[in-house]
Amino acid sequence: MDIKRLFNKLQHYDSKLYESPGNCTSFRSIKFLNENLIDLDPCILYICKASYLKNVLSQIHLANIVCVKDIEIPKKLLESTSANVIILGKIIELTALFNEVYDILFVNQTLSDGSEMISDNFLQKNQFGDIYDITEIAYSILSNPIVISNLDGVIFANKNITNIPNLTDQMFNNSFKINSPEFACVSEHFKNHNTYMLSKDILGTNFNIIIGKIIENKQVSAYMLLFEFEKSFSEIDVEVVSQMCKVLSFEMETKVSNQISKKNILFEKLIINLLNETIYNNEIINAWINSLNISLKKDFYILTINIKQINSKLTCLNSLKGLIEKSLPDSKLVMYAGNYVLFINTTKTDFSNIKNLSPIIDIMAKYKLYGGLSRCFYSLSQLSYYYKQSLKAIEFGMINSKTDYLYTYDNYVIYHMLDMLPRSIDVKEFCHPKLLELLEYDSKNNTQYTYTLYVVLLAKGKQVDASNILHVHRSTMVYRMEKIEELTGLSPYDLKDIVLLYFSFIILKMLNKLDPEIYTGIF
């Protein structure tokens, strides 16, 4: 802490500062100045009475001292010393002074650490951090629920706000919108202050709030609100919120505005909030969209790419981002729960089939990443549901085949349906018994009738195509099909049997009864 900052904090004692040119003005800790101690550390602040300091001041060099004025020290002596000295004009016990200065030093260190953490966060940030991570930093210092919102009452970031009873996103949006009647009393008290503590009596709530302004381009762009809920406010909380807002304002102005548009960052936050299901109300979602001026098209998809096993994540991310910016400019890629989650904002005419994603699939193949594509949906409030669909596509797609890299949910609906059955039910019971018998026959006799039947289904009943896939002569193919019908009574040319066989093969794959390296295909 700097001696001048401490001097300003001690003005209520009618203090005077005698500063020595060239002396170190910063210190990290405090001690009492004991008798016979004249070799002082300039990085420590010493506290004593003027009666002791007068006798040793001429022998002290390069020090920072605060003393209680119990006697007069000649002004000439104070001005000639090489120490920086604060003289308190009012009497106070040394122990009380020590405790007060300690608290001031602690607050200063807290603010310094918090500011440094915020600055480091911005310095090291990638596309998926920054503004909303500040709430985590602030909470670690303040230990009360925190919100960062815009002037329309839209929550951009929060920590533990859901712990406060009845304080939903909707309630917050109604009560803390700068132009709303509910917020009028707040804005009036807040008008001439950068940080202000509003009592619960003014707010009509069950908790006090400290509110600070976040400034960009000399305009208020957002608020930081601290709610007195988990613990009582302390004397330092207003100052901490004030400092946090100043640092956040500075970093947003100098870093975010010049490097990444705030719109992009907050668009990512909206997607993450939707994935977390912390936002689900359409009115709140629309407030976000309007605030960010995002152009939404008619049709949405979620593409999730699992990156848990990849080492070169940053290189892969940059490659994907570059492709998306070129081919899907209105979409948004975020990192969430160990995955890359791509919100695809498109129309069915522009996004007709999976071939639209071929450049992205090439990147996935390069890094051996697996992804799942949801069905099309039409409302952002459904985003979390369709994200889970994309995860299921990955899960069941990898059961089916590890030679593909992108799996579409539509191909695995039956897998999902079967997976939702109660665990007490043995899904194998739904498998056609004749297919199970054929599988057992192959195992005992070292034949390939089950796989032959599978390939015929893949070939849509065309024996010529199936024989080419199996690399067998057509006469061999005819013999196998006759033998299969003899053993099972099933026909891959009868619609009813096709459905039963299709369903049964899916069950066998789910139960890992079929080798996924051999039994490849869409089911």
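The structure holds 19 aromatic pairs, where rings of Phe, Tyr and Trp (its six-membered ring) pair if their centres lie within 6.5 Å, with planes under 30 degrees apart called stacked, over 60 edge-to-face and the rest tilted. This is a predicted model, in which local features need pLDDT of at least 70 and side-chain atom pairs count only at pLDDT 80 or more, while totals for chains, interfaces and linings use all residues. Residues are numbered from 1 along each chain as its sequence is written, and side-chain values use heavy atoms, with hydrogens and water left out.

Let us start with one of those pairs. Helices (H or I, at least four residues) and strands (E, at least two) are DSSP runs, numbered from the N terminus. Tyr519 also pairs with Phe505, this time in a tilted arrangement, 6.5 Å centre to centre with 35° between the planes. Phe505 belongs to helix 20 and Tyr519 to the segment after it, so this pair ties together parts that are 14 residues apart in sequence. Both Phe505 and Tyr519 are buried, where buried means under 20% relative accessible area, exposed over 50% and partly exposed in between (1.4 Å probe, protein chains only). For Tyr519 the relative accessible area is 9%.

Two packed helices are described by the angle between their axes and the distance between the axes. The axes of helix 17 (residues 449-458) and helix 19 (residues 474-488) come within 10 Å and cross at roughly 105°; axes are lines fitted to C-alpha atoms, for helices over the stretch in contact, and angles run from 0 to 180 degrees between N-to-C directions. Helix 17 and helix 19 are therefore roughly perpendicular to each other, given that angles under 35 degrees count as roughly parallel, over 145 as roughly antiparallel, 65 to 115 as roughly perpendicular and the rest as oblique. On the helix 17 side, the contact (heavy atoms within 4.5 Å) is made by Tyr449, Thr452, Leu453 and Val456. Helix 19 contributes Met477, Tyr479, Arg480, Met481, Lys483, Ile484 and Leu487. By class, this contact has eight nonpolar, one polar and two charged residues; Ala, Val, Leu, Ile, Met, Phe, Trp, Tyr, Cys and Pro count as nonpolar, Asp, Glu, Lys and Arg as charged, and the others, Gly among them, as polar.

In the loop between helix 16 (433-445) and helix 17 you will find Asn446. Its phi is near 55°, a positive value in a residue other than glycine, and at 73% relative accessibility Asn446 counts as exposed. Asp14, in the loop between helix 1 (3-9) and strand 1 (16-18), likewise has a positive phi of about 55° although it is not a glycine.

Five strands form an open sheet in the order 12-13-11-14-15, with mixed pairing; two strands pair if DSSP finds at least two bridges between them. Strand 12 (332-336) and strand 15 (406-408) stand at the edges, each with a single partner strand, so one side of each has no neighbour in the sheet. On average, neighbouring strands here are turned by 20° against each other, direction ignored.

Strand 11 (residues 299-306) runs antiparallel to strand 13 (residues 339-346), and eight bridges join the two. Phe300 stands opposite Asn345 in strand 13. Helix 13 (residues 358-366) packs on the sheet, touching strand 11, strand 13, strand 14 (370-373) and strand 15, and its direction makes about 10° with that of strand 11. Helix 14 (residues 383-400) packs on the sheet as well, with a direction at about 45° to that of strand 11. This helix touches strand 11, strand 12, strand 13, strand 14 and strand 15. Strand 11 is mostly covered, with seven of its eight residues buried.

Strand 11 and strand 14 are also antiparallel, joined by four bridges. Asn306 has a bridge partner in each direction: Asn339 in strand 13 and Tyr370 in strand 14. Returning to aromatic rings, Phe300 is part of one cluster with Phe267, Phe343, Phe377, Tyr385 and Tyr386.
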